[in-house]
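Trainee: Could you take one part of this model and go through it closely with me? I'd like to know what it packs against and which residues do the packing.

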Amino acid sequence: IFCMLGFLLTVLGQPTHAGDDLQTLLSAAAADRRDGNWRRAITTLERAFLTQKRNDLARIAGELGVTYYQAHRFDEAEAKLQYAYQNSLDSNERARFANDLGNLHASRGRSEEASRNFEEARNGAGVELPMSLSARLNLARLAPAEKRIDQLAPIFEEISALSDPSQRARYFLNLGNQARTLGAPALKIAFESL
């Protein structure tokens with residue numbers, strides 16, 4: 001109990017971000033995560049998880065889970081991502097958390113669980129093309145090499161339809177890097193993507 005009290009005092013005693021509203025905390029944590037400052041991002045998100053309204057907890061838990069994952073704290077990442085996935089009321093966020101869980105499971109060698117999560121993300125993405133593409137690229141990554149080209153080929157045209165150039169570039173890099181490992185049959189897709 002004393003350890004938990006010490007943790008709470010440490011987290012609650014951290015410097016605050018201007019405004020301390022949820023979006024400010026999430027933006028600050030995302031910036032810290034992009035900069036590789038996972039400890040600060042984790043502290044910000046843990047603080048937000050303890051102090052925000054109940055209906056925001058799933059979103060905070062998901063961000064915290066992704067940050068734990070990037071910091072290689074896999075057990076904590078899995079717990080938070082599972083919480084976010086199970087408690088999210090927004091279907092797009094739920095699909096995102098399923099995709100994040102799939103990435104975590106794939107990195108831990110749990111291909112079946114990862115595949116289920118990626119399928120759920122793809123099915124839950126609805127009309128959100130970026131989430132659908134991400135889930136499909138992740139599913140292709142898990143497929144045997146002889147089946148991967150058949151999964152990657154139709155994705156090329158869909159990536160071209162994205163309006164955001166940085167998103168388009170990120171997905172083309174993913175597609176191109178996967179295709180280039182497949183040898184001669186996939187060289188055209190790899191070249192055009194990269």
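Predicted model: local features only at pLDDT ≥ 70, side-chain atom pairs only at ≥ 80, totals over all residues.

Mentor: Residues are numbered from 1 along each chain as its sequence is written, and side-chain values use heavy atoms, with hydrogens and water left out.

Now the overall layout. The chain has 11 helices and 0 strands, which are DSSP runs numbered from the N terminus (H or I over at least four residues for helices, E over at least two for strands). Along the sequence the pattern reads α-α-α-α-α-α-α-α-α-α-α. Of the 194 residues in the chain, 43% are buried, meaning under 20% relative accessible area, with exposed being over 50% and partly exposed in between (1.4 Å probe, protein chains only). The chain's accessible surface is about 10,700 Å², and carbon and sulfur atoms account for 53% of that; the areas are Shrake-Rupley values with a 1.4 Å probe, and for residues only the protein chains shown count as cover.

The part I'd pick is α4, residues 57-70. Two packed helices are described by the angle between their axes and the distance between the axes. Here, axes are lines fitted to C-alpha atoms, for helices over the stretch in contact, and angles run from 0 to 180 degrees between N-to-C directions.

Take α3 (residues 38-51) to begin with: it packs on α4 at about 160°, with the axes 9 Å apart. So α3 and α4 are roughly antiparallel; the cut-offs are under 35 degrees for roughly parallel, over 145 for roughly antiparallel, 65 to 115 for roughly perpendicular, and oblique for the rest. Their crossing is left-handed, meaning that the near helix is turned anticlockwise from the far one by less than a right angle, whereas clockwise would be right-handed. On the α3 side you'll find Trp 38, Ala 41, Ile 42, Leu 45, Glu 46, Ala 48 and Phe 49, meeting Leu 57, Ile 60, Ala 61, Glu 63, Leu 64, Thr 67, Tyr 68 and Gln 70 of α4. That contact splits into 11 nonpolar, 2 polar and 2 charged residues. In this scheme Ala, Val, Leu, Ile, Met, Phe, Trp, Tyr, Cys and Pro are nonpolar, Asp, Glu, Lys and Arg are charged, and the others, Gly among them, are polar.

Next comes α2 (residues 22-34), at about 10° to α4 with the axes 11 Å apart. That makes the pair roughly parallel. From α2, Leu 22, Gln 23, Leu 26 and Arg 33 take part, and from α4, Arg 59, Ile 60, Glu 63, Val 66, Thr 67 and Gln 70.

Ala 58, Arg 59, Gly 62, Glu 63, Val 66 and Tyr 69 of α4 meet Glu 93, Arg 96, Phe 97, Asp 100, Asn 103, Leu 104 and Ser 107 of α6. By class you get 5 nonpolar, 3 polar and 5 charged residues.

While you're on α6, have a look at Leu 101, which lies in that helix. Leu 101 is buried, at 0% relative accessible area. Setting aside residues up to four places away in sequence, Leu 101 touches Glu 78, Leu 81, Gln 82, Tyr 85 and Asn 117. Leu 101 and Ala 77 are 24 residues apart in sequence, with 8.7 Å between their C-alpha atoms.

Finally, follow the chain out of α4. His 72 sits in the loop between α4 and α5 (74-87). Most residues other than glycine have a negative phi. The phi of His 72, though, is positive, near 65°. His 72 is also exposed, with a relative accessible area of 58%.

How values were computed
Contact = heavy atoms within 4.5 Å.
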